[in-house]
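Dear colleague,

Please find the structure for your review below. A short account of the findings follows it.

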Amino acid sequence: MSDTLYIRGLKAERGQKLQTYLPVLDTNTEIPITIINGQNDGPTLLITAGIHGGEYPGIAAAMELGRDTEPESISGCLIIINPANIQSFWARSAFVTPDDGRNLNREFPGNANGTLSQKTAWLLSQYFFPLADFYADLHSGDIHEELYPYVYYPGLPNAEISAKAREAAMVLDMEFMVRSTATTGAYNYAAISGVPSILIERGGAGLCLREDIDAYKKDLHNILCKLGLFTNSAPLPRKHTPIDVTDVIYLETNNTGCWFPCFHCGDKIKKGDKLGCLTDLFGNTITVYNAEQDGIILYQFPALSAPKGTILVTYGQIRNN
């Protein structure tokens with residue numbers, strides 16, 4: 001990277017920390033950005049949080065990382081955008097941007113002439129992804145999702161990108177990781193564009209618990225050490241090293257009803273186990289859902305009201321290496 005970083009009118013000299021707001025393409029919306037241009041040369045790490053504005057622990061962890069990190073401790077450049085979906089954050093909105101009703105994470109690479117979500121996606125994909133040597137996107141279970149910590153890494157672009165992303169995922173203090181074959185989402189688009197990327201999942205259900213924030217900060221510290229941005233810091237000790245979960249099933253309801261789950265996230269299940277049932281408003285059973293395979297529940301819908309199309313349970317098989 002050069003000594004001076006320029007991004008759409010923003011300028012950060014070597015050894016400078018810049019915290020400001022960046023307008024989203026001909027709108028009144030501005031998103032907060034922290035640029036820490038390190039004292040020494042090195043890679044550029046891009047971190048986004050709050051692409052879904054109701055997923056709080058990653059947002060809080062990114063805020064504190066940006067606040068507490070100074071240029072003299074960095075070799076390279078750290079760029080933090082959070083919350084990326086500022087409108088959704090202030091509205092406490094699950095998944096969608098209130099302005100256009102769109103899920104920002106489904107709009108990449110975006111459209112400079114589109115809606116707010118599409119313009120935000122275009123801003124990130126055109127101006128930030130090309131700067132990054134690595135990209136970490138921080139998520140949680142959304143306001144109505146219970147979640148067990150895990151990380152996605154991309155599987156589609158090519159073996160080299162996938163391997164680099166998986167190596168970084170291995171330094172996280174969590175039990176499970178999932179190789180994604182999706183083509184949507186910010187981190188998948190970045191990977192397809194040639195940037196090794198991961199999507200981390202921690203916390204959920206609209207909560208912002210200190211233990212989730214601190215666990216996220218440990219993850220980020222270890223990523224910064226792994227990538228060589230923290231050259232004077234040692235990785236923090238971990239309890240877990242992620243192992244792969246494969247054949248992930250996203251169980252979606254075809255009916256509207258009231259959902260009563262039988263398990264919690266992180267529970268191990270056997271093929272045939274009753275995962276839960278959907279009832280009408282009088283308590284009469286509409287559908288009973290049973291597990292199609294052995295596995296681990298990664299996240300599920302813990303709320304009662306389950307409109308048609310809701311993902312009720314997500315589970316996959318634990319691969320024993």
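Helix 1 and helix 6 are oblique to each other, because angles that are neither under 35 degrees (roughly parallel), over 145 (roughly antiparallel) nor 65 to 115 (roughly perpendicular) count as oblique. This is a predicted model, in which local features need pLDDT of at least 70 and side-chain atom pairs count only at pLDDT 80 or more, while totals for chains, interfaces and linings use all residues. Residues are numbered from 1 along each chain as its sequence is written, and side-chain values use heavy atoms, without hydrogens and water.

The axes of helix 1 (residues 56-68) and helix 6 (residues 210-227) lie 8 Å apart at an angle of about 55°; axes are lines fitted to C-alpha atoms over the stretch in contact, and angles run from 0 to 180 degrees between N-to-C directions. Helices (H or I, at least four residues) and strands (E, at least two) are DSSP runs, numbered from the N terminus. Among the residues of helix 1 that meet helix 6 are Ala-61 and Leu-65.

An open sheet is formed by four strands in the order 18-17-15-20, with antiparallel pairing; two strands pair if DSSP finds at least two bridges between them. Strand 18 (285-290) and strand 20 (305-306) stand at the edges, each with a single partner strand, so one side of each has no neighbour in the sheet. Five bridges join strand 17 (residues 274-279) to strand 18 in the antiparallel sense, and Cys-277 has Val-288 in strand 18 as its bridge partner.

Methods: Contact means heavy atoms within 4.5 Å.
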